[in-house]
Amino acid sequence: EAHCISHWGHDFRPDYLRIGTLIRRLRPPRILACTATATPEVRAEIKAQLGLGPSCVEVLRGFARPNLHLSAHAVTTKRDAERRVAETLRRAIGAPGATRGGAIVYAATRKAAEQWAAWLGRAGYEAAVYHAGLDAETRTRAADRFASKTVDIVAATNAFGMGIDRPDIRAVIHVQPPASIEAYYQEVGRAGRDGDEAYGVLLCGGADIALRRRLVGTGKDGVPLDPALAARAWNMFRELLRYFDARSCRHDFVLRYFGDEHELLGGCGHCDVCETVDAVARDP
C-alpha cells in the first residue's frame, strides 16, 4: 500500500518516510511499489520518497469500477441517515433474516461506529463493530465472523480495512464522510469484488463537516497537527466535498481525480447523477 508513504508518513507513521533510506542502504536490484489509490501528486511523492529515478516505469490501470452504483446524499438528522441506510441495506442485501451478501457501514469515530452497530442490531441485522479502541482479540473475532459470513454487516471506522477480501460485499455505506477521495474510493472499492452489482453510498451533514474540521487539526494521540499538514488534510477533504456536490458522472469524477483519463466512461448511466440526468432527458 505505497500510498501510505504520502497519506500517513507525515504524521501517523513517520517511519514510512525512512523507507527510501533503507532502500538506498540495501540497494535491491528491483523495487515494486503498488497501491490501489494514488493521484498523480501522490505517485510523484512516492517515487521521490523511495528514490526511484527517471527510469522508473509507472503502470496505471484498473481505477474504473463500473459495477458500483455510486451515490451521495445530504442528511439533516440521524433519522434521515437511518432511513438512507435501511433503504440501501434492503436493496443491496435484503431484509434482516434473509440477507444475501455483506455490507460495511463506515463511521468517522469509534463512538459513532458503536452507535451504528447498536442501531443495526435493533433493526434486526446481525452486525459486528470494529475500531482501534477495541482489544486485538475482539477485532480479530469481528473480522473473522465477517469473513466467514457469520455476520453480514460490520459497523467500523477506517481501522477496518487492510486484508478485507470478501467478494460478495454488496454495499459500503459511509454514514460520515472519510478524510479524502483516496480513502473513500479505497473503502468503497471493497464492495462488488465479484463483479456483480454493488452500492457505494456517501452520507454527509453539516455536523460531519464540522467534525472533520476538528479531526484534521489533530494528530496521533490527540496532539495538535502541524498547521501545514492540517491545511493539506483539509484541502484533501475539500476535494471529497467537491465529489459530494458533483453534478457530473461520479465515476468519471473519480477517474479524472486519479489521472486515469483513458478509462473515462463518458457517463456511467447508473450513479445517482447519471440516473437523474437520464430521467430528465426522458421527461423534460
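Is Gly102 buried or exposed? In this predicted model, Gly102 counts as buried, because its relative accessibility is 0% and the cut-off for buried is under 20%. Gly102 lies in strand S2, which spans residues 102–106. Leaving aside residues up to four places away in sequence, Gly102 touches Ile93, Phe146, Asp152, Arg166, Asp168, Ile169, Arg170 and Ala171. Leu265 sits 163 residues from Gly102 along the chain, and 27 Å separates their C-alpha atoms.

Next, helix H3. This helix covers residues 40–50, and its buried residues are Val42, Arg43, Glu45, Ile46 and Leu50. They span an arc of only 160 degrees around the axis, so they fall on the same side of H3. An α-helix has 3.6 residues a turn, so residues three or four places apart point the same way. The other side of H3 carries Glu41 and Ala48, both exposed. Just after H3 comes Gly51, with a positive phi of about 75 degrees.

Now the pair H4 and H5. Two packed helices are described by the angle and the distance between their axes. H4 runs over residues 78–92 and H5 over residues 110–122. Their axes come within 12 Å and cross at roughly 60 degrees. That angle makes H4 oblique to H5. The crossing of H4 past H5 is right-handed.

Which residues in H4 and H5 meet? From H4 come Lys78, Ala81, Glu82, Val85, Ala86 and Leu89. From H5 come Trp116, Trp119 and Leu120. The residues of this contact divide into seven nonpolar, two charged and no polar.

How values were computed: Residues are numbered from 1 along each chain as its sequence is written. This is a predicted model: local features need pLDDT of at least 70, side-chain atom pairs count only at pLDDT 80 or more; totals for chains, interfaces and linings use all residues. Side-chain values use heavy atoms; hydrogens and water are left out. Buried means under 20% relative accessible area, exposed over 50%, partly exposed in between (1.4 Å probe, protein chains only). Helices (H or I, at least four residues) and strands (E, at least two) are DSSP runs, numbered from the N terminus. The arc is that of the directions from the helix axis to the C-beta atoms. Axes are lines fitted to C-alpha atoms, for helices over the stretch in contact, and angles run from 0 to 180 degrees between N-to-C directions. Angles under 35 degrees count as roughly parallel, over 145 as roughly antiparallel, 65 to 115 as roughly perpendicular and the rest as oblique. A crossing is left-handed if the near helix is turned anticlockwise from the far one by less than a right angle, and right-handed if clockwise. Contact means heavy atoms within 4.5 Å. Ala, Val, Leu, Ile, Met, Phe, Trp, Tyr, Cys and Pro count as nonpolar, Asp, Glu, Lys and Arg as charged, and the others, Gly among them, as polar.
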